[in-house]
Amino acid sequence: MITKSIENIGQWTIGQVERIGRIFIFLFTGVFHIFTLPLQIFKIIEHTWFIGTKSMVVIVLTGIFTGMVLGLQGYYTLIKFGSEGMLGSAVALTLIRELGPVLTAIMITARAGSAMAAEIGVMRISEQIDALETMNINPVRFIFSPRIVASIISFPLLTALFDVIGILGGYVTGSLMLGINGGIYIYRVTDSVVMADVTGGFIKSLVFAVVVTTICCSQGYFTHLQTRGGFGAKGVSFSTTNAVVNSCVLILVFDYAITYLLL
Amino acid sequence: MKAPLIKFVDVKKSFGNNYVIKGVNLSIYEDEITVIIGKSGSGKSVLLKHIIGLIHQDSGKVIFRGEDIASMSRKNRKEFKRNFSYMFQENALFDSMTIYENIALPLTETSLFSKQEIKKKVQMRMEQLEIQGTSNKYPAQLSGGMKKRVALARALITEPSIVLFDEPTTGLDPVRKNGVHAMIKSYQEMFGFTAVVVSHEIPDIFQIAQRVAMIEKGKIIFQGSVEDIMAYDSNDEVGRFINGDGDFME
């Protein structure tokens with residue numbers, strides 16, 4: 001009984017180490033092949049359009065409402081201390097340092113990350129990835145490398161968009177609805193935000209781009225190796241769910257780690 | 001007697017506790033159509049995937065032109081793979097690409113041909129396989145038989161010297177099955193490649209086979225000519241299988 005339990009723990013540990021190792025090899029192979037010739041410019045543009053351009057609507061929507069709710073909550077908190085004039089600072093700093101990068105990454109995970117995992121998972125179970133190998137085409141280079149470049153381009157830009165829209169959302173509730181002077185709101189935004197805040201948010205968005213793309217693409221790519229969620233379509237569904245859940249958890253874990261390192 | 005192009009020497013493969021290939025010895029000869037038969041789950045496709053390196057054996061050797069594939073250098077292995085094309089059971093066409101893009105893919109990704117040269121080659125293959133007019137369609141818009149032709153066009157676009165067919169007639173009606181068999185035969189004659197065909201379409205597949213190997217329970221229990229296998233006693237294991245004897249399945 002005890003021996004069996006120890007054996008199971010050992011097997012589980014070996015399985016996890018193998019899994020993590022596989023993901024790192026996948027990541028390093030993909031990054032290496034970004035620079036191998038010929039460069040995959042058209043594929044990068046195509047994926048930037050899919051990850052970036054097609055995510056703009058959802059980013060604008062979440063950005064505006066996040067900013068609006070921050071404006072609303074911030075106003076009623078600050079007014080207790082007679083500091084409602086600081087609303088611009090509160091909204092801008094919260095968005096640029098924390099909520100912008102995190103919520104953008106989570107929204108891209110939900111929209112593009114899940115699609116990546118499902119698409120690659122289907123490619124795996126329908127032998128399209130094997131077909132690439134038989135054609136002497138490196139599947140990691142073909143599938144993952146353009147996507148990671150596209151994410152590295154898209155994540156910071158979408159985060160910047162989210163931040164700007166969010167600050168506008170805060171302006172809508174703070175100034176237009178609750179009567180804070182618009183000039184003061186804008187002044188507080190420009191006065192309180194320093195370059196270090198923007199750089200911090202930028203670094204976070206870059207790290208999230210790598211984390212989300214690696215997790216989502218690797219979950220799809222290794223669909224055939226997971227056995228817990230079933231095979232075929234069920235396997236793809238399990239991989240997609242795992243990709244989204246793991247990405248979201250890791251976004252928050254990395255967010256804490258980067259914040260700790262930057263402060 | 002000529003030397004085999006591909007040779008399996010005591011190849012064994014298991015997936016966990018499931019021993020699929022239990023010591024296969026098999027020779028495949030150049031410019032011939034070799035057919036590997038056996039009942040479902042007997043390890044035919046696994047055997048085929050060993051040739052191109054999609055699956056690696058636990059022990060034993062797969063030898064190509066006298067060289068062990070496992071001990072090939074990275075460069076040699078890449079060169080070795082250039083000789084091959086693989087036609088998958090379910091075609092493995094890229095759903096999100098057009099038919100033209102599917103066929104052109106091996107060239108656009110691995111060759112230095114110009115766009116014009118690639119276009120010319122793809123058009124030529126499409127004409128030869130009678131799938132002109134489908135360039136801008138997607139695989140989902142084609143019939144099963146057309147998809148097979150597209151898969152074959154893609155397999156032949158690099159002018160390989162060896163084409164591996166994994167159950168090429170799966171899911172087709174009897175008329176289309178015979179059509180695909182005839183297609184393999186005629187294109188093998190036209191382009192002069194070595195073909196290895198995994199199939200359980202017996203006896204139809206014998207019409208195109210020049211050499212037959214039968215795998216059962218992970219071992220090759222017969223290899224030889226069509227005449228030899230047809231001459232087997234119907235009470236024998238091989239004979240019972242080719243005669244479709246239900247008792248064989250037990």
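Chain A contains ten helices and zero strands, and its order along the sequence reads α-α-α-α-α-α-α-α-α-α. The model described here is predicted. Chain A and chain B meet in an interface that buries about 1600 Å², and the structure holds 16 salt bridges over all chains.

**Chain A as a whole**

- The C-alpha atoms of chain A occupy a box of roughly 65 × 55 × 30 Å along the principal axes.
- Chain A has 263 residues, of which 48% count as buried.
- Among the contacts in chain A with a separation of 6 or more, 85% join residues 24 or more positions apart.

**The interface between chain A and chain B**

- The contact involves 18 residues from chain A and 22 residues from chain B.
- Carbon and sulfur atoms give 58% of the roughly 1600 Å² buried between chain A and chain B.
- On the side of chain A, Thr134(A), Met135(A) and Asn136(A) supply 38% of the area buried against chain B, more than any other three residues.
- Two salt bridges are found across the interface of chain A and chain B.

**A salt bridge between the chains**

- Glu109(B) and Lys43(A) form a salt bridge in which the closest N and O atoms are 3.1 Å apart.
- Of the 16 salt bridges over all chains, this one joins two chains, because Glu109(B) lies in helix H3 (residues 99-110) of chain B and Lys43(A) in helix H2 of chain A.
- Lys43(A) has a relative accessible area of 17% and is therefore buried, the limit being under 20%.

**Salt bridges within chain B**

- Asp58(B) pairs with Lys13(B) in a salt bridge whose closest N and O atoms are 3.6 Å apart.
- This pair links distant parts of the chain, 45 residues apart: Asp58(B) is in the loop between helix H1 (44-52) and strand S4 (59-64) of chain B, and Lys13(B) is in strand S1 (residues 6-15) of chain B.
- Asp58(B) counts as partly exposed at 44% relative accessibility, whereas Lys13(B) counts as buried at 12%.
- Glu32(B) forms a salt bridge with Arg211(B), with 2.9 Å between the closest N and O atoms.
- Here too the pair links distant parts of the chain, 179 residues apart: Glu32(B) is in the loop between strand S2 (18-28) and strand S3 (33-37) of chain B, and Arg211(B) is in strand S9 (residues 211-216) of chain B.
- Glu32(B) is buried, with a relative accessible area of 13%, while Arg211(B) is partly exposed, with a value of 22%.

**A salt-bridge network in chain A**

- Salt bridges link Glu98(A), Lys204(A) and Asp255(A) in a network.
- Asp255(A) is 218 residues from Leu37(A) in sequence, and the two are 34 Å apart in space, C-alpha to C-alpha.

**Nonpolar cores**

- The largest nonpolar core has 85 residues, and the members that touch the most others are Ile6(B), Phe8(B), Leu26(B), Leu47(B), Phe64(B), Phe84(B) and Leu164(B).
- Helix H4 (residues 87-125) of chain A contributes the largest share of this core, 13 residues.
- Leaving aside residues up to four places away in sequence, Ile6(B) touches Leu26(B), Ser27(B), Ile28(B), Ile51(B), Val62(B), Ile63(B), Phe64(B) and Phe84(B).
- Another core, of 44 residues, lies apart from the largest one; Ala153(B), Phe193(B), Ile205(B) and Phe222(B) are among its members.

- Leu37(A), Leu39(A), Ile41(A), Phe42(A) and Ile45(A) make a nonpolar surface patch of about 590 Å².
- Leu37(A) sits in the loop between helix H1 (2-34) and H2 of chain A, whereas Phe42(A) belongs to helix H2 (residues 41-51) of chain A.
- Leu37(A) has a relative accessible area of 72% and is therefore exposed, the limit being over 50%.
- Phe42(A) is likewise exposed, with a relative accessible area of 68%.

Conventions:
Residues are numbered from 1 along each chain as its sequence is written. Chains are lettered from A and ligands numbered from 1 in the order in which they are written. This is a predicted model: local features need pLDDT of at least 70, side-chain atom pairs count only at pLDDT 80 or more; totals for chains, interfaces and linings use all residues. Side-chain values use heavy atoms; hydrogens and water are left out. A nonpolar core is a set of buried Ala, Val, Leu, Ile, Met, Phe, Trp, Tyr and Cys residues joined through side-chain atoms within 4.5 Å. Buried means under 20% relative accessible area, exposed over 50%, partly exposed in between (1.4 Å probe, protein chains only). Helices (H or I, at least four residues) and strands (E, at least two) are DSSP runs, numbered from the N terminus. Contact means heavy atoms within 4.5 Å. Patches are made of residues with over 30% relative accessible area and no salt bridge: like charges are joined within 9 Å, nonpolar side chains (Val, Leu, Ile, Met, Phe, Trp, Tyr) within 5 Å. Accessible areas come from the Shrake-Rupley method with a 1.4 Å probe; for residues, only the protein chains shown count as cover. A salt bridge is a side-chain nitrogen of Lys or Arg within 4 Å of a carboxyl oxygen of Asp or Glu. Buried area is the accessible area (1.4 Å probe) that two parts lose on being put together, summed over both.
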